[in-house]
Amino acid sequence: MVKPDEIIRSNRKTLAISIDCNNRLIVRAPYRCGEERIFAFLREKEGWIARKRAENERAGIVLPPENLQGYEFLLLGKKHRICLTGERAVGYDAVARVVYLPEKDGRKRLVEWLKDNAARILSAVTATAAQTMGVRYKSVTISSARSKWGSCSFDNAIRYSFRLLYAPKEVVEYVAVHELAHTKHKDHSAAFWAEVAKYQPDWKEKRKWLKGHGALMQVF
């Protein structure tokens, strides 16, 4: 029998489950939902739970501990290591793939550093893709979204989660093309996917990578 690691009750009306980076099974349930109903729901979802846990294990994704010294995470698809220092600024060694992080407010400073780099890198990738595709967009902004890697508004403003920076460069480029294709097609119609395929013929593989690494949205 599948057992939840945590049950979170709220005013919600439906049951929902998720698997975090440490493969913990989280159940979100209405206040009046009994355990019998919860366990029946989990039995129905056993296949999904097993698949998600297997994906996490293959991806090797682990949530950061309280002490970040030595913690490894992905930047543009490559493993990087955190080294805590007594310095006041964040440092970066691209060759050794080490991020030197101040001990004080390290996690906060790291997120700020990631957002700054995401703004720079994703803006450049978007500009290059837009030129290739012959499309225009309003702006590029960076968010802390945990549910979407990117989005395109009705007026063609592009928004990315800074966590997209964890993905390999080629996957980042796919997401940029995906969002820019929405400047022409506001849905996910056949015409939309045909537009994406013009510039990303292997988009299905890159989309598969994003789905298989969804747990990265929980890192920092």
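Cys152 is buried, at a relative accessible area of 18%, where buried means under 20% relative accessible area, exposed over 50% and partly exposed in between (1.4 Å probe, protein chains only). Cys33 is likewise buried, at 4%. Across the whole structure, 0 disulfides are found, a disulfide being a pair of cysteine sulfur atoms within 2.5 Å. The model is a predicted one, in which local features need pLDDT of at least 70 and side-chain atom pairs count only at pLDDT 80 or more, while totals for chains, interfaces and linings use all residues. Residues are numbered from 1 along each chain as its sequence is written, and side-chain values use heavy atoms, leaving out hydrogens and water.

Turning to the sheet, 4 strands form an open arrangement in the order S4-S5-S7-S6, with mixed pairing (strands, E, at least two residues, and helices, H or I, at least four, are DSSP runs numbered from the N terminus; two strands pair if DSSP finds at least two bridges between them). Strands S4 (72–75) and S6 (91–93) stand at the edges with a single partner strand each, so one side of each has no neighbour in the sheet. S4 and S5 (residues 78–85) run antiparallel and are joined by 4 bridges; Leu75 has Lys78 of S5 as its bridge partner.

Helix H3 (residues 106–133) includes Ala127, which is partly exposed at 35% relative accessibility. The C-alpha atoms of Ala127 and Tyr137 are separated by 9.0 Å. Ser161, in strand S10 (residues 157–161), is buried at 1% relative accessibility.
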